[in-house]
Every structure is written in structure tokens, then in C-alpha cells.
Amino acid sequence: MTTDLEEKLINLVKNYPCLFEKSDSMYKNSKHKEQIWEEISTVFENELSGNVSIKVLFKLHLMLNFFIFIARGAKELWTKLRSQFMGFLRRLIKPSGSGKGRRPYFRHEEAMAFIKDSIDPDGT
């Protein structure tokens with residue numbers, strides 16, 4: 001998964017606080033959240049297929065099938081990215097080893113900053 005595609009998904013999720021903000025009134029409404037994920041998958045799929053610029057029909061067909069597969073996996077990808085971000089935040093708070101060293105890095109730190117106050121990196 002390229003960073004650009006992950007950033008697109010992050011920006012789509014950002015528009016739906018019920019997916020990450022525990023204080024949102026719809027956070028516990030799983031039916032509503034499933035509808036949101038269907039919308040995100042559709043938008044994600046359309047976004048991806050609109051950016052394909054391959055002239056060979058066979059390659060286009062393969063790429064579109066790949067993009068559709070990715071779009072259907074949007075929820076799983078978001079879960080993975082959120083989990084990685086939580087791990088990054090944990091490393092910032094409690095660095096392992098000798099303590100001093102390089103600051104942890106997460107490729108989407110800036111893009112995912114909007115959920116920083118909505119999650120507990122320790123999972124409690």
C-alpha cells in the first residue's frame with residue numbers, strides 16, 4: 001500500500017468522527033458505522049479508479065481489480081493505520097531501551113494528528 005493511498009484513506013476517515021471519536025453520539029452505533037464504511041469504500045474506489053492512467057486494457061483491468069480489493073479493505077486498513085499510530089504514540093510516551101535516542105517516526109504522524117485526543121495509546 002503506497003503512502004499516497006493511505007493518506008487518501010486517512011483524509012476520508014477524518015470526515016467521519018463517529019469512526020474514531022468515542023464521545024461522538026454515533027460512535028457505538030455499528031449499523032451507522034457500517035454504512036459510513038460502505039460510503040468510504042465507494043469514494044475510495046472511485047478516487048483510485050479515477051487516478052489510473054494505464055493505456056493497456058489488460059493492465060487497466062488488473063489495476064482496477066486491485067483497487068476494488070483495496071477499497072473493500074478500507075476498514076481493515078484504517079484499523080491497521082490507527083493501531084500503528086497508537087504504537088507510535090506509546091513509543092513517544094514510553095521510549096524503550098536506554099531512554100535517550102532518536103525520536104520515533106511514523107509516516108502519517110501529521111495526517112493522523114486529528115485523532116490524537118480521541119485515542120488512548122495504552123488501550124485502557
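I took a nonpolar core to be a set of buried Ala, Val, Leu, Ile, Met, Phe, Trp, Tyr and Cys residues joined through side-chain atoms within 4.5 Å. Buried means under 20% relative accessible area, exposed over 50%, and partly exposed in between, with a 1.4 Å probe and protein chains only.

A note on the source: this is a predicted model, where local features need pLDDT of at least 70, side-chain atom pairs count only at pLDDT 80 or more, and totals for chains, interfaces and linings use all residues. Residues are numbered from 1 along each chain as its sequence is written, and side-chain values use heavy atoms, leaving out hydrogens and water.

Core: I found 25 residues in the largest one, and Leu9, Val13, Trp37, Ile40, Trp78, Phe85 and Met112 have the most contacts inside it. The elements giving it two or more residues are α1 (3–14), α2 (30–50) and α4; helices here are DSSP runs of H or I with at least four residues, numbered from the N terminus. The largest share, eight residues, comes from α4.

Helix α4: I looked up its buried residues, and among them are Leu77, Trp78, Leu81 and Phe85.

Rings: I counted five aromatic pairs, where ring centres of Phe, Tyr or Trp (its six-membered ring) lie within 6.5 Å, and planes under 30 degrees apart count as stacked, over 60 as edge-to-face and the rest as tilted. Trp78 and Phe114 are stacked, because their centres are 6.4 Å apart and their planes at 25 degrees.
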